[in-house]
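Biologist: Please take a close look at one part of this model for me, namely its pockets and what lines them. I would like a careful, connected account that I can follow with the structure in view.

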Amino acid sequence: MAKYLLLKHYRGAPAAVNDVPMGQWTPEEVAAHVQYMRDFAARLQESGEFVDSQGLSPEGTFVRYDGEGRPPVTDGPFAETKDLIAGWMVIDVASYERALQLAGELSAAPGAGGEPIHEWLEVRPFLPGTHLVDE
C-alpha cells in the first residue's frame, strides 16, 4: 500500500469543465457537492483506502522563526497556498493506477447546476520513510 495526497485547487490547475466558482453555487449545490465527497470517503473507508480528508479555509499565514521568542508573521511575497489549495484527501492504495482511478472519480463531484465539475486534481505520492511519528 502507498499513500497519496489528492489536492483540490481553487486555481492554478487547468480549468474544470464546469468552471463556476463555488462562491457562486446555490446552498443546495454546495450541499450536494459535500455529500458526494462524504459518500466517496465513506466508500473508501469501507475498502480500507481512506486515511483523512479536509476542506481548507481561505485564511492562512506564513510564519518563520527569526530568533529566540520572535516568530514574525509574513504574508508574502511567496505564492500563497491559501489562494490555491481548497482541500485534500489522503488515500492509501495498492498502486499508482488506483490512485489515479480514485482521483478521476473524485473529479466528478457535482458543482453548479448539479453537473459534474470534472476538475483537475493533483495526485502526489508521499515520500517513503518521512512519517514523523510511529503509527
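Modeller: A pocket, in the sense used here, is an open set of points on a 1 Å grid over the protein atoms alone, with protein on both sides within 12 Å along at least five of seven lines, and a residue counts as lining when it has an atom within 4 Å of a point. With that in mind, and remembering that this is a predicted model, begin with the largest pocket, whose volume is about 760 Å³. Its lining is made up of 30 residues, and those closest to the centre are Lys 8, His 9, Met 22, Ala 86 and Glu 119. At least two lining residues come from each of strand E1 (2-9), helix H1 (27-47), strand E2 (50-55) and strand E5 (85-93), with H1 giving the largest share, five residues. Sorted by class, this lining holds 17 nonpolar, eight polar and five charged residues.

The second largest pocket has a volume of about 250 Å³. Around it are 13 lining residues, among which Lys 3, Phe 126, Leu 127, Pro 128 and His 131 lie nearest the centre, and the elements that give two or more residues to this lining are E1 and E5. Its lining is divided into eight nonpolar, three polar and two charged residues.

Helix H1 also packs against another helix. Its axis and that of helix H2 (residues 96-106) come within 11 Å and cross at roughly 155 degrees; because angles over 145 degrees count as roughly antiparallel, H1 is described as roughly antiparallel to H2. The crossing is right-handed, and the contact is formed by Tyr 36, Met 37, Phe 40, Arg 43 and Leu 44 on the H1 side, with Arg 98, Leu 102, Glu 105 and Leu 106 on the H2 side. By class, that contact has six nonpolar and three charged residues, and no polar ones.

Methods: Residues are numbered from 1 along each chain as its sequence is written. This is a predicted model: local features need pLDDT of at least 70, side-chain atom pairs count only at pLDDT 80 or more; totals for chains, interfaces and linings use all residues. Side-chain values use heavy atoms; hydrogens and water are left out. On a 1 Å grid over the protein atoms alone, a cavity is a set of points where a 1.4 Å probe fits but cannot get out, and a pocket is an open set with protein on both sides within 12 Å along at least five of seven lines; lining residues have an atom within 4 Å of a point. Grid points are joined across faces, edges and corners, and a volume is the space filled by probe spheres set on the points. Helices (H or I, at least four residues) and strands (E, at least two) are DSSP runs, numbered from the N terminus. Ala, Val, Leu, Ile, Met, Phe, Trp, Tyr, Cys and Pro count as nonpolar, Asp, Glu, Lys and Arg as charged, and the others, Gly among them, as polar. Axes are lines fitted to C-alpha atoms, for helices over the stretch in contact, and angles run from 0 to 180 degrees between N-to-C directions. Angles under 35 degrees count as roughly parallel, over 145 as roughly antiparallel, 65 to 115 as roughly perpendicular and the rest as oblique. A crossing is left-handed if the near helix is turned anticlockwise from the far one by less than a right angle, and right-handed if clockwise. Contact means heavy atoms within 4.5 Å.
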